[in-house]
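Let's take a friendly walk through this structure. Have a look at the sequence and the model first, and then read on.

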Amino acid sequence: MPLLDPILLKTRLGELAGRFDIDALAVCDSTNSELLRRAEAGAPAGSVVVADRQTAGRGRRGRSWLSSPERSLTFSLLWRFAVLPAGLGGLSLAVGAALARALEALGARGIGLKWPNDVLLATADGDYAKLAGVLVELTSDRRGCQAVIGIGLNLGQPVDELAQPAAGLDRAGLAAVDRHAVLAAILRELAMALDRFAEAGFAALRADWQSRHVWQERPVQVLGEGEPLAGVCLGADADGALLLQTAAGVQRIHSGEVSLRPA
Ligand code: ATP
């Protein structure tokens, strides 16, 4: 029996319950992989797969997302866009902003965002630890464009050894949260953010995202294939590209193959 009960979740979703079709699994490879397969087989928009345990949780660029049933919430949401919103690259930023809003509405404090896809938590030493990751995977067919939006959220401190600092919601002032309440709050904010995104693209959510961006106006390095690129982070453009003030002028950087770090 999975830790999450879809019926209880539906009651938490109230009037929005009809927009989601939720399946809770005890285990799967990756909720994104599972939902991509279901999307291919015709799953409706609003389908949600939540899993207690992922055996092959994924991050960007073939990286792993590590989770455990007791300390994590891992799920994916399928969304369809009839018309391609301009700058679909801003979608993972829009999702991050929605996630931050949901956690704050539940009472979490110290939430920040990092371009392009991380939700961070301010730590006592003035640094940040990763609280959640977002993995958006896009496909298109004759029905339009579909996005599988995967979220891995740490409810408690991860036990695995990770390359970068990580934290759980318990350190954001939300100990012993009810996972149904957390997931319902996130789905609610996602529905609102995705509707706005479909209408007006990331531009409509940009100010919201940027107000939480932890490296805003600060010196950063962009790490990619070649030499690191140094500059001052000017935030995200209306299409989600990172704006970097460098010695050679303002550069626009698209997500994908790069990582942002403080200088
Ligand atoms: P960056 O932009 O900082 O390079 P990323 O966006 O490439 O990071 P993601 O793809 O979002 O990172 O997530 C994968 C990475 O997150 C892994 O390489 C690992 O270091 C880290 N990670 C994996 N599981 C967790 C977890 N439960 N909590 C925090 N961090 C994690």
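Predicted model: local features only at pLDDT ≥ 70, side-chain atom pairs only at ≥ 80, totals over all residues.

## Two loops to start with

Arg-61 sits in the loop that runs between strand S2 (47-54) and strand S3 (72-81). Helices (H or I, at least four residues) and strands (E, at least two) are DSSP runs here, numbered from the N terminus. Although Arg-61 is not a glycine, it has a positive phi of about 50°. Another loop, between strand S4 (111-114) and strand S5 (118-122), holds Pro-116. The peptide bond that joins Trp-115 and Pro-116 is cis, with omega at about 0°.

Residues are numbered from 1 along each chain as its sequence is written, and side-chain values use heavy atoms, with hydrogens and water left out.

## Helices against H4

What caps the N-terminal end of H1? That is Asp-5, with a side-chain oxygen 2.9 Å from the backbone nitrogen of Ile-7. Just after H1 comes Gly-14, which takes a positive phi of about 55°.

Helix H1 (residues 6-13) packs with helix H4 (residues 179-200) at an angle of about 50°, and their axes are 9 Å apart. Axes are lines fitted to C-alpha atoms, for helices over the stretch in contact, and angles run from 0 to 180 degrees between N-to-C directions. H1 is therefore oblique to H4; under 35 degrees counts as roughly parallel, over 145 as roughly antiparallel, 65 to 115 as roughly perpendicular and the rest as oblique. On the H1 side, Leu-8, Leu-9, Arg-12 and Leu-13 make the contact (heavy atoms within 4.5 Å). They meet His-180, Ala-181, Leu-183, Ala-184, Leu-187 and Arg-188 in H4. By class, the residues of this contact divide into seven nonpolar, one polar and two charged. Nonpolar covers Ala, Val, Leu, Ile, Met, Phe, Trp, Tyr, Cys and Pro, charged covers Asp, Glu, Lys and Arg, and the others, Gly among them, are polar.

Helix H3 (residues 91-105) packs with H4 too, at an angle of about 140° and with axes 8 Å apart. That makes H3 oblique to H4. Residues of H3 in this contact include Leu-91, Ala-94 and Val-95, and among those they meet in H4 are Val-182, Ala-185 and Ile-186. The contact of H3 with H4 has 14 nonpolar, no polar and two charged residues.

## Around the ligand

Now for the ligand: 18 residues surround it (a heavy atom within 4 Å), and the closest are Arg-60, Arg-63, Leu-66, Lys-114 and Ser-259. Some polar contacts (pairs of N or O atoms within 3.5 Å) are listed below.

| Side chain | Ligand atom | Distance |
|---|---|---|
| Arg-63 | oxygen | 2.5 Å |
| Asp-118 | oxygen | 3.5 Å |
| Gln-164 | oxygen | 3.5 Å |

Methods
Polar contact = N/O pair within 3.5 Å; in protein donor to acceptor, adjacent residues only side chain to side chain.
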